Amino acid sequence: MTEPLQVGQFAIVDGEPVDRGPNAGVFRGKGPADDRAELFLLAEGTTPAGEAFAGHVISDLGQVFAGLDMSLTGSLGRLFQEAERNVGDWNRKSIAQHRVALGLSAFGRRGEQAVIAQAGPTAAFLFHDGRVTSFCADGEHGSALGSAPVQPQLTRIPFGEGDRLLLLSSSAVIELDDELIEGILALPEEQVLPNLYRRLQQMRQATVLLVTGPRPEGLDDTEETTGDDYIIGGDSAAPGRESGGMFQPSLFIEDEDEGVVLSARAHLLEVTPRRAIASPAPMMAMEAPAPLLRAAGESAISINRLAAEGAARAARSRAAVATISAEAAAAPAAVIPAWRTPGGGYVAHSPVNVLGNQPPSSNRPRKAQSFSRGLVSSGAPPARPELLAEDLPLAAELAAGQRARSSVQSSASETLAAENGAAINGGTALVRPRTNMGGRWKGGNSFGHRSVVAGQLPPAWMVILGALIILVLLAGMATVPRLLRDGDGERVETLLTGAQQRVAASNAQVDPAQKRQLLTEAQAMLLAVREKGENAQAEQLISEVAGAISKMDSIFEPQRVEAIASLEQFGTKPVAVSRIAAGNDAVYLLDVNSAQVIAVRSNGAEPQIVFSENKDEKRGKPIAIAHLDESDLGGPVLLIADAANKLWMYSRVDGLRTVSFAAPANLAISDITVNGPDLFVLDAGQSTIYRYLQTPQGFPNAPLAALKNSDLGNARRLMVDGEFITTDADGTVHRFIAGGQTAITFSQAGIDRKLVAPEAVQAMTDRSEVAILDASNDRIVVLRRDGGFARQYRHKDFDGASAFVIRKGDALIFSGGQLRRVIF
């Protein structure tokens, strides 16, 4: 089982470090666990708005990759197409200041295959067998996505146990050099990212992604040699933290004060509890505590004075109590002073003396006496004991306070008495309860409103109004639902009628585009009826409309699709085919990834490189190819046009050699094709198609301007068979007739989805039809020469197709690293 790769990353966004930046992503594809593709992406903006848009592209590519189930190179190619499409859509809808351009790096691994894909400004470093190899997009692959159509540069690399791949922003490479990167990548894996951050922390924008191969069996993390133990955020790892297997435990959240906090917490737990005070200390005349004095500030003298006065008053009170107790002990039968009654006698408050003892037996009443007579003394009342005023300072103060409270209470009593009297005279309630009880308790709403008793019934108009409200509510409950149901019924009838009218109109419509629009509108109306509930008539119409739309889609599957050659393991780089030319005994593929032309023989022999870029031999990068069947150059030959405006010829007999070719000034070849013995060259920059007449020496004569038209300015592929048909990058197809001066745009009327970046038009066996590879939609579309849509072919092997040609009625298509034959 293939072990998943380990990954670590960090980013600096607007000068702030984060563990995971928006411009990097790690994703997994479909398939079983032992054969599941892994993808690592890093994007960077090359325009002011590009940096913010890069995160959106990364997120979208991750979703696309999760749904792909194809070869690794095909998946990577599809991802770069999707990225270029996203950037193009944004730029078409944005003003100049908001347009974006991106550099994109991708690393994919599936099983034993590992591929790096790059376009635009990117940087990648591979650490393998103790050496570091750098990778960056060069040549035509170095243009940023969004600035020009770009093909990704694909490089197959070895990646096994102990290997490391570093993807980082190209701006970060300025701060580092190859020797420094090699030294850092050779460190133990947990020290690589901290050391990189230490050297990049002053940057404002940077993204770093490190991918590490599986560990060799038997290697323990603790056995790795340690070098520079620099850890970002602290001097060492947190105690007790286990790092086994964690590639990136934490980069920016280590707390330098964590040990201090733990030490303080332990110290607090070890403090001895404070002993409780057994009894309160007696009050003493002393100064105020020091904290109180500090808080009082300038009032410290007043606080000390108040404290001294309070202590003196307490001492005088205790002395007065002692004096009273001593006098009571000297008079054994003294009773509480009696007060004179209206009859002239005295009544005591209690038969108990001030010390709490019972009076002597001589003072007790006898049984023969009445109760009231026993309480009356015949003699004069005893004299009240003389109290020492100076010993009772607190009593005088307490009496003054008592008199003040009594005055307030008597005033309140008089007020209440006056209000109650007024209430009685006026006939209102004596007690007015509160309407709000403050939330402390609820009285069942008994105090919320006055009770309705006799003489307090609500007025008649209020009763009538309440009855009318109840009647209106009852009538609404009875009628509103029926009205709503009637409204839904009318809505359903309207939708059904509209759908029927559109279906009838579509049956009589000749224009396929108008017919599809009518059917689509009818389908939307019928689906709205279905949402209202079941309707048999709507269901019947839905089936009818769906059948009509499916018939218009005209989706067919080829009779057979078979693989005739595999180039998945060919060469050091994955094969990325952009053009195909077919001869009688071989098929030729233009590989833009390696800038070479590959021949695949029909006899089953191994594929062979017949042309490659070579500066020493003055061979430029191949731009376009075409197979010439009718030739005075020694039999059928393959023509190859390179970036230096030179024309080459290849045949199995004569091999590779140059051909005479009279290139006009400022020629920029976009595509070449042949018709009979003549050669046609498309120069989109000058909106011209040149025609070259063949001679035994090649094409030495100046060309004729076969067609010059402004509609050629966006053309990228050319087909000539008596007419000129071109395809543009935006999906437009032009047909030039009447001497080439009149351009007809294929309407594609009736097609379900418009073409997106179609390949070269190929003539079908029926000359009234042409076929086009629509790689973005994984299909081959057949159009009529009048521009209308005829049918389309779909197959699972069309996923990831990049080039296509038809020869003798059969199609040859390259997809998923294999050359396939398609029989319609």
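This is a predicted model: local features need pLDDT of at least 70, side-chain atom pairs count only at pLDDT 80 or more; totals for chains, interfaces and linings use all residues.
The protein chain contains twelve helices and 39 strands. Of its 824 residues, 39% are buried. Among contacts between residues at least 6 apart in sequence, 56% join residues at least 24 apart.

Two helix pairs were examined. Helix α1, spanning residues 50–66, packs against helix α2, spanning residues 72–93, at an angle of about 140 degrees, and the two axes are 10 Å apart. The arrangement of α1 relative to α2 is therefore oblique, since angles must be over 145 degrees to count as roughly antiparallel. The crossing of α1 and α2 is right-handed. On the α1 side, the contact is formed by Phe-53, Val-57, Asp-60, Leu-61, Val-64 and Phe-65. On the α2 side, Ser-75, Leu-79, Glu-82, Ala-83, Asn-86, Val-87 and Trp-90 take part. Sorted by class, the residues of the contact between α1 and α2 are nine nonpolar, two polar and two charged.

The second pair consists of helix α11 (residues 512–532) and helix α12 (residues 536–553), which pack at an angle of about 150 degrees with axes 9 Å apart. This angle makes α11 roughly antiparallel to α12. Here the crossing is left-handed. The residues that α11 brings to the contact include Pro-512, Lys-515, Leu-519, Leu-526 and Arg-530. Those of α12 include Ala-538, Glu-539, Ile-542, Val-545, Ile-549 and Asp-553. In the contact of α11 with α12 there are 13 nonpolar residues, one polar residue and five charged residues.

Strands of a sheet pair through backbone hydrogen bonds, in either a parallel or an antiparallel sense. One of the residues involved is Arg-691, whose bridge partner in β28 is Leu-704.

Another antiparallel pairing links β29 and strand β30 (residues 724–728) over five bridges. Strand β29 covers residues 715–720, and five of its six residues are buried, so β29 is largely enclosed by the rest of the structure. Val-720 has Phe-724 of β30 as its bridge partner. The two strands form a hairpin with three residues between them, and in this hairpin Gly-722 adopts a positive phi near 100 degrees.

Leu-589 was considered individually. This residue belongs to strand β17, which covers residues 586–591. Its relative accessible area is 0%, so Leu-589 is buried, the cut-off being under 20%. With residues up to four places away in sequence left out, Leu-589 touches Leu-567, Val-577, Arg-579, Ile-580, Gln-596, Val-597, Ile-598, Val-600, Phe-814 and Leu-819. Leu-589 and Val-610 are separated by 21 residues in sequence, and the distance between their C-alpha atoms is 10.0 Å.

How values were computed: Residues are numbered from 1 along each chain as its sequence is written. Side-chain values use heavy atoms; hydrogens and water are left out. Axes are lines fitted to C-alpha atoms, for helices over the stretch in contact, and angles run from 0 to 180 degrees between N-to-C directions. Helices (H or I, at least four residues) and strands (E, at least two) are DSSP runs, numbered from the N terminus. Angles under 35 degrees count as roughly parallel, over 145 as roughly antiparallel, 65 to 115 as roughly perpendicular and the rest as oblique. A crossing is left-handed if the near helix is turned anticlockwise from the far one by less than a right angle, and right-handed if clockwise. Contact means heavy atoms within 4.5 Å. Ala, Val, Leu, Ile, Met, Phe, Trp, Tyr, Cys and Pro count as nonpolar, Asp, Glu, Lys and Arg as charged, and the others, Gly among them, as polar. Buried means under 20% relative accessible area, exposed over 50%, partly exposed in between (1.4 Å probe, protein chains only). Two strands pair if DSSP finds at least two bridges between them.
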